[in-house]
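Here are my notes for going through this fold with you.

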Amino acid sequence: MADLTSRDAVLVKYLNEAYGKEKQLEIALQAQIGRTQNMPIKKRLREHLKETKAHARGLSARIKALGGKADAGNVPGPDAVGEAVTAVTSLANKAAAAAKGPVQILRGTGVADNELRNIRDAFWNEAEEIAHYTVIEAIADKLGDKETAKLAKGIRREEERMQAFLGRQLVTLSGAVIREEVPARERKPAGAKPSRKRRTTKSRATAAKKPAARKTSARTATNGRTTASRRRTRAKAKSS
């Protein structure tokens with residue numbers, strides 16, 4: 001590997017961090033695809049696995065174009081050192097990604113709960129990737145590397161779309177967990193309207209008040225007629 005300038009070394013360092021994350025997530029996504037029973041989610045995960053592999057290839061090509069070596073060690077250096085670090089980090093990434101499979105599948109209390117937890121972790125991973133590419137794009141812009149900035153921006157947008165999809169699934173799966181684990185009688189969403197029984201009781205109370213109001217109106221009308229009659233009688237008496 002050719003000697004890197006300080007400028008290119010900084011770019012390669014951050015590109016390799018993103019590259020290592022992409023390679024780790026390839027394994028994690030494969031495990032998630034095997035676990036999920038939700039077909040729309042499974043389909044989107046498969047699509048994103050293809051995107052993730054394409055991201056890794058794009059990063060690798062850009063690192064080489066800058067004179068670096070694509071590896072998961074995150075530190076550009078001589079071939080021997082880079083290869084040693086690559087081997088160690090690669091094993092660590094594979095172990096971390098593979099470990100999530102059996103651990104996550106056992107930690108939930110039901111199908112919906114496991115789906116929700118897996119998607120929550122995937123959402124977090126997308127946030128980390130978005131942060132990686134935001135940093136790379138900003139550094140590349142400041143260093144005048146348009147190619148790297150363009151690459152980072154394109155990948156970041158795909159990660160953001162994936163995270164938006166996952167965010168919608170979090171809301172949907174939260175509802176599925178409630179339906180699976182909480183009895184209907186215990187579900188009281190915020191801002192819920194009063195029950196029908198209470199409305200009926202209130203209606204009866206209102207209806208009970210109406211006859212009384214009618215009686216009062218009738219008495220008032222009767223009194224008014226009586227007063228008017230008395231006035232007419234007095235007027236006749238005076239005229240005679």
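Predicted model: local features only at pLDDT ≥ 70, side-chain atom pairs only at ≥ 80, totals over all residues.

1. Where is V12 found? V12 sits in helix 1, where helices (H or I, at least four residues) and strands (E, at least two) are DSSP runs numbered from the N terminus. Residues are numbered from 1 along each chain as its sequence is written, and side-chain values use heavy atoms, with hydrogens and water left out.

2. Now the overview. The protein chain has six helices and zero strands, so you can read its pattern as α-α-α-α-α-α along the sequence. Of its 240 residues, 35% are buried (buried means under 20% relative accessible area, exposed over 50%, partly exposed in between, with a 1.4 Å probe and protein chains only). Take the contacts (heavy atoms within 4.5 Å) with a separation of 6 or more: residues 24 or more positions apart account for 74% of them.

3. Back to V12, which is buried because its relative accessible area is 0%. V12 and R62 are 50 residues apart in sequence, yet their C-alpha atoms are 8.5 Å apart in space.

4. How do helix 1 and helix 2 pack? Helix 1 (residues 6-35) and helix 2 (residues 39-65) meet at an angle of about 155°, with their axes 9 Å apart. That makes helix 1 roughly antiparallel to helix 2. For the terms, axes are lines fitted to C-alpha atoms, for helices over the stretch in contact, and angles run from 0 to 180 degrees between N-to-C directions. Angles under 35 degrees count as roughly parallel, over 145 as roughly antiparallel, 65 to 115 as roughly perpendicular and the rest as oblique. By class, the contact of helix 1 with helix 2 has 12 nonpolar, eight polar and seven charged residues (Ala, Val, Leu, Ile, Met, Phe, Trp, Tyr, Cys and Pro count as nonpolar, Asp, Glu, Lys and Arg as charged, and the others, Gly among them, as polar).

5. Have a look at E26, also a helix 1 residue. E26 counts as buried because its relative accessibility is 11%. Leaving out residues up to four places away in sequence, E26 touches L49, T52, K53 and A56.

6. Next, helix 1 with helix 4. Their axes come within 10 Å and cross at roughly 160°, and the two helices are therefore roughly antiparallel to each other. This contact has 15 nonpolar, four polar and seven charged residues. For an example, pick I139 in helix 4: beyond its neighbours within four places in sequence, I139 is in contact with V10, L11 and Y14. I139 and V10 are 129 residues apart in sequence and 8.6 Å apart in space, C-alpha to C-alpha.

7. Which residues touch the most other members of the largest nonpolar core? In this core of 17 residues, they are L15, Y19, L59, I63, Y133 and I136. (A nonpolar core is a set of buried Ala, Val, Leu, Ile, Met, Phe, Trp, Tyr and Cys residues joined through side-chain atoms within 4.5 Å.) Helix 1, helix 2, helix 4 (111-143) and helix 5 (146-181) each give two or more residues to it, and helix 1 supplies the largest share, five residues. Apart from this core lies another, of 16 residues, including A112, A122, M162 and V177.
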